[in-house]
Amino acid sequence: MSRAKEAAGRHAARFVESGMTVGLGTGSTVFFTLKALAERIREEGLELRGVPTSVDTETKAKDMGIPLVPLDDVTRIDVTIDGADEIDGDFAMIKGGGGALLREKVIASLSEREVIVVHREKVVEELGRGFLLPVEVIPFARPAVIHHLSGLGATPTLRMSTPDQSYCTDNGNEILDCRFEGGIPSAAELDLQLNAIPGVVENGLFVGLANVLVIGDDDGGVEVREKG
Ligand code: 5RP
């Protein structure tokens with residue numbers, strides 16, 4: 001598993017060229033992209049401006065010596081490299097396993113190119129059969145949002161940090177992990193329905209945002225797919 005993640009994460013660092021503004025995703029696969037970028041900065045003199053998608057990535061990138069810029073200074077991102085929890089044949093994804101879905105979607109929306117790095121087991125026929133869909137909600141609105149989610153056929157579970165403490169995102173919100181029995185046949189439709197619920201800040205469906213998929217295998221090989 002870790003070899004596959006390393007292969008995919010490291011390979012994706014090749015999509016970065018000197019002078020680029022680069023969205024830095026979140027998670028254990030992108031961690032290897034950060035390492036590879038830090039190496040290229042040290043060894044090749046690669047110049048980039050990184051835009052982190054989470055506090056966790058910001059901390060890691062700073063520790064590795066990757067230069068960062070705040071989002072205030074950015075209107076366009078050349079390439080973003082990010083992970084996913086599931087991705088289908090149309091490059092629609094479930095993201096947010098690491099809780100960073102909101103910032104990840106904001107960064108993806110500004111990106112010319114979105115490169116996704118995954119272990120092969122995350123490439124699926126249909127979203128939502130194997131992974132719960134994270135929905136970020138304002139804490140005040142949680143009971144109302146749960147009611148509306150149930151009306152859409154979801155079974156939501158509040159994500160917890162400890163048995164007594166709900167998980168808190170970088171934006172001070174909570175996450176409801178939603179089971180959709182039988183999967184998610186239309187990600188685009190559900191994306192719109194979820195974001196129309198008052199109190200929902202963002203959901204983990206990413207539709208029409210990814211352009212390139214880098215799949216890592218356990219033998220250390222990679223397959224690269226470009227959206228047609
Ligand atoms: C965080 C995410 C991550 O990209 C996703 O969870 C994949 O993480 P990993 O590479 O550790 O499997 O969406 O919000």
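Student: Which residue in β2 stands opposite Met-20?
Tutor: Leu-48 does. Keep in mind that this is a predicted model. Met-20 belongs to strand β1, residues 20-24, and β1 is joined to β2 by five bridges, with the two strands running parallel.

Student: What order do the strands of the open sheet have?
Tutor: The order is β2-β1-β3-β6-β14-β15, six strands with mixed pairing. The edge strands are β2 (48-52) and β15 (222-226), each of which pairs on one side only. From one strand to the next, the twist averages 20 degrees.

Student: And which strands does helix α4 lie across?
Tutor: Helix α4, residues 101-109, lies across β1, β2, β3 (77-83) and β6 (111-119). Its direction is at about 135 degrees to β6.

Student: Moving to β14. How many of its residues are buried?
Tutor: Five of the five, residues 212-216, so the strand is largely enclosed by the rest of the structure.

Student: Which of them point which way?
Tutor: Val-212, Val-214 and Gly-216 point one way, while Leu-213 and Ile-215 point the other way. In a regular strand, side chains alternate between the two faces of the sheet. In β14 the residues pointing either way are buried.

Student: In what sense does β14 pair with β6, parallel or antiparallel?
Tutor: Parallel, over five bridges. Within that pairing, Val-118 has Ile-215 in β14 as its bridge partner.

Student: And with β15, parallel or antiparallel?
Tutor: Antiparallel, again over five bridges. Here Leu-213 is partnered with Arg-225 in β15. The two strands form a hairpin with five residues between them.

Student: Which residue in that turn has a positive phi?
Tutor: Gly-220, with phi at about 90 degrees.

Student: Buried or exposed, and why?
Tutor: Ala-7 counts as buried because its relative accessibility is 14%, and the cut-off for buried is under 20%.

Student: What is Ala-7 in contact with, leaving aside its neighbours within four places in sequence?
Tutor: Gly-220, Gly-221 and Val-222. Gly-220 is the turn residue with the positive phi, and Val-222 falls in the range of edge strand β15 (222-226).

Student: How many Å apart are Ala-7 and Pro-70 in space?
Tutor: They are 29 Å apart, C-alpha to C-alpha, with a separation of 63 residues in sequence.

Methods:
Residues are numbered from 1 along each chain as its sequence is written. This is a predicted model: local features need pLDDT of at least 70, side-chain atom pairs count only at pLDDT 80 or more; totals for chains, interfaces and linings use all residues. Side-chain values use heavy atoms; hydrogens and water are left out. Two strands pair if DSSP finds at least two bridges between them. Helices (H or I, at least four residues) and strands (E, at least two) are DSSP runs, numbered from the N terminus. Axes are lines fitted to C-alpha atoms, for helices over the stretch in contact, and angles run from 0 to 180 degrees between N-to-C directions. Contact means heavy atoms within 4.5 Å. Buried means under 20% relative accessible area, exposed over 50%, partly exposed in between (1.4 Å probe, protein chains only).
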